Amino acid sequence: MTFFNKNSSIYKNQFGFREKHSTIHALFDLTEEIRKALDKNEFALGIFLDFQKAFDTVDHQILLKKLQHYGIRGIANKWFESYLKNRSQFVTINGAISETILMLLGVPQGSILGPLLFLIYINDFHQATIYSNPRHFADDTNILITNSSLKKIKKSLNIDLKLISQWLRANKISLNASKTELLIFRHPA
């Protein structure tokens, strides 16, 4: 994390798993942008995205390429590859133990590195949008578009959603549509 902080590599609006960042900061940042829009008598349209099993679906090869992009190369990248490779898991309930299976996807949860690796995995998400300003708290993501015209918001939203859809496919992440919400904020008339 020190390496990524020193190089300012982590997206500024990622509030999860980072020192001096919290849900309070994420909420304040979002509500402040909504307040500014309402003060200008604009609409603010927020979409609150839910990535389906986000930590469990991280593709190791994509992650290793992203680590390389951010400067983790050579032996350090090989170390991460070794860390992710040949991991297995099983479940035990009331003394009954499941079959052990090889983990081909995902980052180890409950580890120190798992959250950092996930942050790196989704770190370029904001580059998939043009009109919205994404905010993350780990895998909880929201985008917000403001404008005085709902028609312009709709057009901008459709463009960003298409780009987000392409990013999700490229990164092999699924959206949980039943837990994704859209809200329109407006000044009370």
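Because the model is predicted, local features need pLDDT of at least 70 and side-chain atom pairs count only at pLDDT 80 or more, while totals for chains, interfaces and linings use all residues. Residues are numbered from 1 along each chain as its sequence is written, and side-chain values use heavy atoms, with hydrogens and water left out.

Start with the whole chain. It has 6 helices and 9 strands. Both are DSSP runs, numbered from the N terminus: helices are H or I with at least four residues, strands are E with at least two. The C-alpha atoms fill a box of roughly 60 × 40 × 30 Å along the principal axes. Of the 189 residues, 42% are buried. Buried means under 20% relative accessible area, exposed means over 50%, and partly exposed lies in between (1.4 Å probe, protein chains only).

The chain exposes about 11,500 Å², and carbon and sulfur atoms supply 56% of that area. Accessible areas come from the Shrake-Rupley method with a 1.4 Å probe; for residues, only the protein chains shown count as cover. Next, contacts, meaning heavy atoms within 4.5 Å. Among contacts with a separation of 6 or more, 71% join residues 24 or more positions apart. Then charges. The mean positions of the 24 positive and 16 negative charges are 6 Å apart. Lys and Arg count as positive, Asp and Glu as negative; His and the chain ends are not counted. Each charge is placed at NZ of Lys, CZ of Arg, CG of Asp or CD of Glu.

At its start, a side-chain oxygen of D59 reaches to within 3.0 Å of the backbone nitrogen of Q61. The buried residues of α3 are H60, I62, L63, L64, K66 and L67. They pack against α1, α4, β5, α5 and α6. Just after α3, G71 takes a positive phi of about 110°.

An α-helix has 3.6 residues a turn, so residues three or four places apart point the same way. Just after α4, N86 takes a positive phi of about 55°.

The loops come next. Q14 lies between α1 (2-6) and α2. Q14 counts as buried because its relative accessible area is 2%. Setting aside neighbours within four places in sequence, Q14 is in contact with H21, L119, I122, H136, F137 and A138. The side chain of Q14 also reaches the backbone nitrogen of A138 at 2.9 Å.

E42 sits in the loop between α2 (23-39) and β1 (43-52). At a relative accessible area of 17%, E42 is buried too. Leaving out residues up to four places away in sequence, E42 touches A37, T146, N147, S148 and F185.

N133 is in the loop between α5 and β6 (135-137). Its relative accessible area is 25%, so N133 is partly exposed. Beyond neighbours within four places in sequence, N133 is in contact with Y11, N13, E33, N142, I143 and L144. Two of these are polar contacts between side chains: one with Y11 at 3.3 Å, and one with N13 at 3.1 Å. A polar contact is a pair of N or O atoms within 3.5 Å; within protein, one must be able to donate a hydrogen and the other to accept it, and residues adjacent in sequence count only if both atoms are side-chain atoms. N133 and Q52 are 81 residues apart along the chain, with their C-alpha atoms separated by 21 Å.

S98 counts as partly exposed because its relative accessibility is 33%. Not counting residues up to four places away in sequence, S98 touches F90 and V91. S98 and K20 are 78 residues apart in sequence and 40 Å apart in space, C-alpha to C-alpha.
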